[in-house]
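Please open the structure in your viewer and keep the selection tool at hand. The tour below moves from one selection to the next and says what there is to see at each stop.

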Amino acid sequence: MTNIPLKTLYNGVSVPQLGLGVYKVPPEDVYQTVSSALKAGYRHIDTASYYENENGVGKAIKDSGIPREKLFITTKVWNDDHGYDRTLQAFEKSMEKLNMDYVDLYLIHWPIPEIFPETWKALEKLYKDGRVKAIGVSNFLDHHLQTLLTDAKIKPVVNQIELHPKLIQKQTVEFCRENDIAVESWSPLGRARYLDDVILEKLAKKYDKTVAQIMIRWHIQHDFIVIPKSTKAKRQAENMAVFDFELSPEDMKQIDGMDEGFRIGSHPDEIMNK
Ligand SMILES: NC(=O)c1ccc[n+]([C@@H]2O[C@H](COP(=O)([O-])OP(=O)(O)OC[C@H]3O[C@@H](n4cnc5c(N)ncnc54)[C@H](OP(=O)(O)O)[C@@H]3O)[C@@H](O)[C@H]2O)c1
C-alpha cells in the first residue's frame with residue numbers, strides 16, 4: 001500500500017502529492033522505469049509529448065493491472081502544437097500513444113507568447129468534454145498567469161514550474177497561492193546537482209535521511225506537488241520514504257535561504273516556438 005498523501009485541487013480532483021517524472025527516460029527504458037515505480041507504490045506519473053515516451057508509459061500502466069481510476073497521469077502539449085486546432089490534435093495523439101481515453105491533468109508545457117490564450121481555449125474544451133479531469137499550465141510566471149486569467153473561463157488547477165532549493169520562485173508561488181492554483185515542482189532534486197551541498201548534507205545527517213529525501217520533504221512541507229525522476233528502483237523507493245519525519249521550521253528556513261534564483265532550465269520569457 002502506498003502512503004503518499006492526496007492533495008485536493010480547487011476543482012475537487014485529488015492528486016498524489018508525490019509522483020514520478022519521466023523526462024529524459026529513453027523510450028526503451030520507460031516501461032521498466034514506470035513498472036518498478038508502480039510496484040513501489042507510485043500512483044502519479046508525469047510525462048509529456050516532448051519526452052517521446054508516452055507509448056511506454058501507457059503500456060506499463062496497462063500491464064500493471066492497476067485500475068485506471070487509481071492512477072493520476074499528466075501529459076503536456078508541446079510548444080509547436082500551440083493554437084486551438086493543433087492542441088486538440090496533439091491531445092488525440094497523446095491519448096493514442098498512452099492508449100488511454102482520458103488523462104488526469106493536461107498542461108500547456110511552456111507559455112509561448114501571444115498564442116497560449118488560444119491554446120488554453122482548447123484545454124477548456126477538453127475539460128468541458130470530460131476528456132481530462134483537470135487542466136493546468138507549466139512554466140508560467142505570474143505575468144503569464146495574469147494574462148491567461150483575463151480571458152480564461154476556467155482557471156488552471158496547477159502551475160508546474162522549476163523549483164528546488166536554488167530556485168524558490170517566491171513571486172510566482174505567491175501568485176499561485178493567492179489564486180488557489182497548486183504549485184508543482186519540476187527538477188525538485190535540482191537534477192541531482194546539489195546532492196553534495198553542505199547545508200543539505202548536514203540536515204541529512206541530523207534527520208538520518210539522504211539529501212534527496214531532505215529536498216523532497218522540503219517540497220512536501222511547502223505544500224508543493226513533487227515529481228522526482230529516477231530510473232532506479234532503489235532510488236524510487238528512497239524518494240517515496242519521506243512521510244515519516246518532519247523538518248523543523250528553522251531547518252525549512254535554512255533550505256529556503258539557499259535560493260540563488262538559479263535556473264537549470266530555460267527562463268519562461270526566453271522560450272521560443274520551435
Ligand atoms: N514542465 C517542464 O518544463 C519540466 C521540465 C523538466 C522536468 N519536468 C518534470 O519534472 C520531473 C523531475 O525533474 P528532472 O527529471 O529534471 O530532475 P530531478 O527529478 O530533480 O532529478 C533527476 C536526477 O536525479 C537523480 N536522482 C533521483 N533520485 C535520486 C536519489 N535518491 N539519489 C541520487 N540521485 C537521484 C536521477 O538519476 P537516476 O534516474 O539515474 O536515478 C536524475 O539524474 C521530470 O522527470 C519531468 O517529469 C518538467
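Predicted model: local features only at pLDDT ≥ 70, side-chain atom pairs only at ≥ 80, totals over all residues.

**First stop: the contacts of the ligand**

Select Lys-229 and show its side chain, where a polar atom lies 2.8 Å from an oxygen atom of the ligand. Then turn to the backbone of Pro-188, which places an N or O atom 3.3 Å from an oxygen atom of the ligand, and go on to Gly-190, where a backbone N or O atom lies 3.4 Å from an oxygen atom of the ligand. Now look at the ligand as a whole: taken alone it exposes 910 Å², and the protein buries 91% of that area.

**Second stop: the largest pocket**

Hide the ligand for a moment and look at the space that it takes, for this space is the largest pocket. What volume does the largest pocket have? It comes to about 840 Å³, and among the 33 residues that line this pocket, Tyr-23, Ser-187, Pro-188, Arg-191 and Lys-229 are the closest to its centre. If you select α9 again, you will find the element that gives the most to the lining of the largest pocket, with 3 residues. By class, the lining of the largest pocket divides into 15 nonpolar, 10 polar and 8 charged residues.

Now select Leu-6, Ser-14, Glu-69, Lys-70 and Leu-71, which are the closest to the centre of the second largest pocket among the 13 residues that line it. The volume of the second largest pocket is about 220 Å³, and its lining is made of 7 nonpolar, 1 polar and 5 charged residues.

Rolling a probe the size of a water molecule over the atoms shows where empty space is left.

For the largest cavity, which has a volume of about 50 Å³, select Pro-117, Trp-120, Lys-121, Glu-124, Leu-148, Asp-151 and Ala-152. Two helices, α4 (116-128) and α5 (142-151), each supply at least two residues of this lining, and α4 gives the most, with 4 residues. When you colour the lining of the largest cavity by class, you will see 4 nonpolar and 3 charged residues but no polar ones.

For the second largest cavity, select Trp-110, Asn-139, Ile-161, Glu-162, Gln-169, Trp-186, Arg-263, Ser-266 and Pro-268, which line it. About 30 Å³ of space lies in the second largest cavity, and the residues of its lining divide into 4 nonpolar, 3 polar and 2 charged.

Definitions and conventions. Residues numbered from 1 in each chain as written. Heavy atoms only, no water. Polar contact = N/O pair within 3.5 Å; in protein donor to acceptor, adjacent residues only side chain to side chain. Areas by Shrake-Rupley, 256 points an atom, 1.4 Å probe, with all protein chains shown as cover. 1 Å grid on protein atoms, 1.4 Å probe; cavity = no way out; pocket = protein on both sides within 12 Å on 5 of 7 lines; lining within 4 Å. Sits in = over half its atoms within 2 Å of the grid points. Points joined across faces, edges and corners; volume = space filled by probe spheres on them. Nonpolar A, V, L, I, M, F, W, Y, C, P; charged D, E, K, R; others polar.
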